[in-house]
Amino acid sequence: LKLQPSIGHDEAIVNGISRMGYSRGGKTALWVDENMADTITLKATQFLERNKNNPFFLYFATHDIHAPRVPHPRFSEQTTMGARGDAIVEFDWSVGQILKTLDRLHLTDNTLIILSSDNGPVVEEGYRDLGHELLGNHKPTGELRGGKYSAFEGGTRVPFIVRWPFQVKPGTSDASLSQIDLLGSMAKLCGQKIPEYAASDSHNSLDTWLGKSDNDREYVVQQSIGTLSILSENWKLITPSNAYKYYEEGKIELGHDTVPQLYNLHDDVQEKINVASKYPDKVQQLNTLLEEIKSKVKIE
């Protein structure tokens with residue numbers, strides 16, 4: 001095997017790599033991991049070529065950072081962090097190819113690009129690829145606590161980069177955002193009306209995205225394995241849970257506790273000091289808001 005599994009990922013074998021779950025479809029369902037980035041990047045740039053004279057929407061969902069990490073050989077040993085680091089370089093290359101294509105087609109100034117992620121980082125994710133051993137002093141979550149699967153900010157806070165030279169000036173914002181608002185914000189941008197029955201929790205945050213406002217989202221509900229959290233005005237409440245507190249293989253604090261956890265992220269972004277006992281009214285306020293939000297969710 002190219003990669004030895006460590007936790008699960010020991011069922012179907014494709015391209016010499018054991019996988020999570022089984023695969024069906026015979027030869028037509030097989031793939032080569034090393035060629036994945038080249039293939040989807042080429043398809044993306046070809047799409048831009050075909051639509052250079054038309055309005056277009058391109059969703060580019062890369063596999064690079066996700067396990068199993070098997071970058072093309074030309075990216076091998078580009079970093080000191082093994083396949084994990086090399087896969088990140090491959091991802092940077094893919095994004096660069098798309099940006100270069102926009103430049104060549106003279107579409108850069110008036111093309112809105114959003115780059116984001118689905119969750120915080122995890123180093124050990126099912127394969128023995130020396131992820132932890134090769135990290136050195138690098139901390140994938142920076143100063144944040146936790147990681148993927150965690151209720152702490154290291155698990156739920158992700159990059160959100162907006163690039164649109166025609167509209168957006170370079171800079172940073174501390175405003176709270178949610179990816180749920182992609183639909184509401186894009187609808188506003190395109191002058192489209194969202195059906196009354198759809199996306200009731202998707203808000204229009206377009207002005208914040210474009211740097212025209214520093215307004216926070218009123219609240220952000222965060223979901224992790226085992227519990228829900230709610231963040232509002234720099235206050236974050238993690239609701240009680242009996243789930244595991246630590247993911248041993250991944251070396252990740254999961255943020256679970258049997259008592260409410262309240263953190264002021266403005267003063268304590270590392271979520272080290274639980275101030276729930278000091279501010280019981282704030283705990284009650286956020287818990288009530290979360291319950292109101294949950295009560296409006298319709299489960300079909």
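Ser 94 lies in helix H2, where helices are DSSP runs of H or I with at least four residues, strands are E runs of at least two, and both are numbered from the N terminus. The model is a predicted one: local features need pLDDT of at least 70, side-chain atom pairs count only at pLDDT 80 or more, and totals for chains, interfaces and linings use all residues. Residues are numbered from 1 along each chain as its sequence is written, and side-chain values use heavy atoms, with hydrogens and water left out.

Is Ser 94 buried or exposed? Ser 94 is buried, at a relative accessible area of 1%. The classes are buried under 20%, exposed over 50% and partly exposed in between, with a 1.4 Å probe and protein chains only. Leaving aside neighbours within four places in sequence, Ser 94 is in contact with Ala 37, Thr 41, Phe 60 and Asp 64. Contact means heavy atoms within 4.5 Å.

The search ran on a 1 Å grid over the protein atoms alone. A cavity is a set of points where a 1.4 Å probe fits but cannot get out; a pocket is an open set with protein on both sides within 12 Å along at least five of seven lines; lining residues have an atom within 4 Å of a point. One cavity of 30 Å³ or more is counted. The space in the largest cavity is about 100 Å³. Grid points are joined across faces, edges and corners, and a volume is the space filled by probe spheres set on the points.

Helix H1 (36–50) and helix H2 (82–104) each supply at least two residues of this cavity's lining. H1 gives the most, with three. By class, the lining of the largest cavity has seven nonpolar, three polar and four charged residues. Here Ala, Val, Leu, Ile, Met, Phe, Trp, Tyr, Cys and Pro count as nonpolar, Asp, Glu, Lys and Arg as charged, and the others, Gly among them, as polar. The loop between H1 and H2 holds Pro 68. A cis peptide bond joins Ala 67 to Pro 68, with omega about -5°.

Now the second largest pocket. Its volume is about 1,500 Å³. Of its 45 lining residues, Arg 157, Val 158, Phe 160, Ala 175 and Leu 177 are the closest to the centre. Helix H3 (153–156), strand E4 (160–163), helix H5 (206–209) and strand E5 (220–224) each contribute at least two residues to the lining. E5 gives the most, with five. The lining divides into 19 nonpolar, 18 polar and eight charged residues.

Next comes the packing. The largest nonpolar core has twelve residues, among them Tyr 219, Ile 230, Trp 235, Leu 262 and Ile 293. Such a core is a set of buried Ala, Val, Leu, Ile, Met, Phe, Trp, Tyr and Cys residues joined through side-chain atoms within 4.5 Å. Strand E7 (235–238) and helix H6 (280–295) are the elements that give two or more residues to this core. H6 gives the most, with five. Ile 293 touches Tyr 219, Val 221 and Ile 230, not counting residues up to four places away in sequence. A second, separate core of seven residues includes Ala 44, Leu 102, Leu 105 and Leu 107.

Asn 15, not a glycine, has a positive phi of about 60°. Asn 15 sits in the loop between strand E1 (13–14) and strand E2 (17–18). Lys 251, also a residue other than glycine, has a positive phi near 55°. The loop between strand E8 (246–247) and strand E9 (252–253) holds Lys 251. Lys 251 is exposed, with a relative accessible area of 53%.
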